[in-house]
Amino acid sequence: MTYLAFRNPDGSKAFVALNRSAGEQTVAVYENADRSFKYTIPAKSIASFRWGAGAEN
């Protein structure tokens, strides 16, 4: 799994994950004790997430 997380100029946060493997993989992102999520990325796939200020949730 290859991943990258960053803060955008508008204050939103982003996370991008690349699953190069032949099987699905679950990623867990923890911002703090009250804000986290898990997502299962299919094999050979990319997933991206954006949240927070400026994001269209």
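Some ground rules. The model is predicted, so to speak with care: local features need pLDDT of at least 70, side-chain atom pairs count only at pLDDT 80 or more, and totals for chains, interfaces and linings use all residues. Residues are numbered from 1 along each chain as its sequence is written, and side-chain values use heavy atoms, with hydrogens and water left out.

Start inside. The largest nonpolar core has eight residues: Phe 15, Ala 17, Val 27, Val 29, Ile 41, Ala 47, Phe 49 and Trp 51. A nonpolar core here is a set of buried Ala, Val, Leu, Ile, Met, Phe, Trp, Tyr and Cys residues joined through side-chain atoms within 4.5 Å. Buried means under 20% relative accessible area, exposed over 50%, partly exposed in between, with a 1.4 Å probe and protein chains only. Strands S2 (12–19), S3 (25–32) and S5 (45–52) each supply at least two core residues. S5 gives the most, with three. Strands are DSSP runs of E, at least two residues, numbered from the N terminus.

Take Val 27. Leaving out residues up to four places away in sequence, Val 27 touches Phe 15, Phe 37, Lys 38, Tyr 39 and Ile 41. Contact means heavy atoms within 4.5 Å.

Now the rings. There are five aromatic pairs in the structure. Rings of Phe, Tyr and Trp (its six-membered ring) pair if their centres lie within 6.5 Å; planes under 30 degrees apart count as stacked, over 60 as edge-to-face, the rest as tilted. Phe 15 and Phe 49 make a tilted pair, 6.4 Å centre to centre, with 35° between the planes. Phe 15 sits in S2 and Phe 49 in S5, so this pair ties together parts 34 residues apart in sequence. Both Phe 15 and Phe 49 are buried. Phe 49 also pairs with Tyr 39, edge-to-face, at 5.2 Å and 75°. That links S4 (residues 35–41) to S5, ten residues apart. Tyr 39 is partly exposed, at 36% relative accessible area. Ring pairs join Tyr 3, Phe 15, Phe 37, Tyr 39, Phe 49 and Trp 51 into a cluster.

Next, charges. How many salt bridges does a search of the whole structure find? Three. The criterion is a side-chain nitrogen of Lys or Arg within 4 Å of a carboxyl oxygen of Asp or Glu. Asp 10 meets Arg 50, closest N and O atoms 2.5 Å apart. Asp 10 lies in the loop between S1 and S2, and Arg 50 in S5, so the bridge ties together parts 40 residues apart in sequence. Lys 13 bridges to Glu 31 at 2.3 Å. This one runs from S2 to S3, 18 residues apart. Arg 35 also meets Glu 31, at 3.4 Å, N to O. Shared partners put Lys 13, Glu 31 and Arg 35 in one network.

Last, two details. Lys 44, in the loop between S4 and S5, has a phi near 55°, a positive value in a residue other than glycine. Lys 44 is exposed, at 61% relative accessible area. Thr 40 lies in strand S4 and is partly exposed, at 33%. Again leaving out residues up to four places away in sequence, Thr 40 touches Glu 24, Gln 25 and Thr 26.

Key:
Helix = DSSP H or I, 4+ residues; strand = E, 2+ residues; numbered from the N terminus.
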